[in-house]
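Thank you all for coming. Please have a look at the chain on the screen, and then I will walk you through a few of its features.

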Amino acid sequence: MVLSLIWTKDVDLTSGGLQKELAFLFVPIPFLFVGELKRISKHEILRLFSFSMAFYAVFYFLKAAIQYFSTGDISVFFYHELVSQDLNAIYVSVFASLGIFYFVSQKKKSLYDNAALFVLVILVFLLSSKSIITIDFILIVCYYSFFSTIPNTVRITTVVAVSSFLFFSLVFVKEVKERFLLEYETAFVDNTVNNKIGNDSAKIYNVSLKQAWYNEKFQPNHFFPGTALRVYQFRIFKEMLNTDSIFFTGYGLEASQDKIREKVSENNLYSGYGDFNFHNQYAQTFAELGIFGFLILIAMLFLNLKNAWRHKDFPHIAFAITMIILFLTESFFCRQRGILFFITLYCIFNSVVKSEEKKL
């Protein structure tokens, strides 16, 4: 990241970006001096974090309830409205999910553990992040199928209960159902009408996955559902890679946004789409730091997953897999909270692995 100052397209943007990315330097340094974390220390850290997230969830539930009683608007309990657009539902879902995986992996759960687990599951569900709900569901099913030591009958009952909860929630909770249906209904059909943000006098048309990948021109009243937006962003990354000399160096840290704006203008899109990043950490890293930055990221993720799998530590495995998949849909390092979460947990989990290997 620092080296990209040499070739960056915008020194000011890269310099500003480096301030945000300093956590990658300063968070690992203490781990060089405090000694390797013992498993009990990791357990205490995760337990404190998980209960803190549960208290945090209760606070926002109460805040939403107060708003609901004053406005009558049920949407205050869902998605960004629950935690605010700036805080972002997806990031909070990731943080809460770590707490869920911690409580799920505890063999002996107290009443407080079960209560906190329930609160965090409700929080993730209300935040309605499609990718996080899907990842969490798959990981929890995998835990009870392959890692849990409880009797088979209890294991099967738990998996069925979790699956039933998700199914009935998607069927009967309107706000969550609409977010999942929007992706399904618009993915393969061009120009479906978006009645939620448009009206009869000013119709808004949803962009399909095919249009997002192939259309050279769009209209200002075209709307990109989540998956279509990510397909479009990866498409313009591919175009940048083909037309500009960025394979080895990238544009420089934080210096890709102006190129995204150029593509938005070139494709005749609503200008607001120029403020979106790639929504893909792999593409973001490659576009800004080139092939070597991309390979460093891949090496970190591979090492993280390798260590997690070797020690059969489910919270570590869940963290590793969540990051790998989430990076396909989010530029997680574009927010300081994402950087701090990733590098702190990365150091905690892998310091424990280092300590255990020394003992062996």
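How much space lies in the second largest pocket? The answer is about 620 Å³, where a volume is the space filled by probe spheres set on grid points that are joined across faces, edges and corners. Before I go on, please keep in mind that this is a predicted model, in which local features need pLDDT of at least 70 and side-chain atom pairs count only at pLDDT 80 or more, while totals for chains, interfaces and linings use all residues. Residues are numbered from 1 along each chain as its sequence is written, and side-chain values use heavy atoms, with hydrogens and water left out.

A pocket, on a 1 Å grid over the protein atoms alone, is an open set of points with protein on both sides within 12 Å along at least five of seven lines, whereas a cavity is a set of points where a 1.4 Å probe fits but cannot get out; lining residues have an atom within 4 Å of a point. The second largest pocket is lined by 25 residues, and the closest to its centre are Val104, Leu117, Val121, Ile140 and Val162. At least two lining residues come from each of H6, H7, H8 and helix H9 (152-172), helices being DSSP runs of H or I with at least four residues, numbered from the N terminus. By class, this lining has 17 nonpolar, five polar and three charged residues, with Ala, Val, Leu, Ile, Met, Phe, Trp, Tyr, Cys and Pro counted as nonpolar, Asp, Glu, Lys and Arg as charged, and the others, Gly among them, as polar.

Turning to cavities, the whole structure has two of 30 Å³ or more, and the largest cavity holds about 50 Å³ of space. Its lining includes Val94, Phe101 and Phe341, and H6 gives the most to that lining, with four residues. By class, the lining of the largest cavity has six nonpolar, two polar and no charged residues.

Finally, let us consider salt bridges, each a side-chain nitrogen of Lys or Arg within 4 Å of a carboxyl oxygen of Asp or Glu. A search of the whole structure finds 11 of them, and one joins Asp113 to Arg47, with the closest N and O atoms 2.9 Å apart. Because Asp113 lies in helix H7 (residues 111-127) and Arg47 in helix H4 (residues 39-71), the pair ties together parts that are 66 residues apart in sequence.
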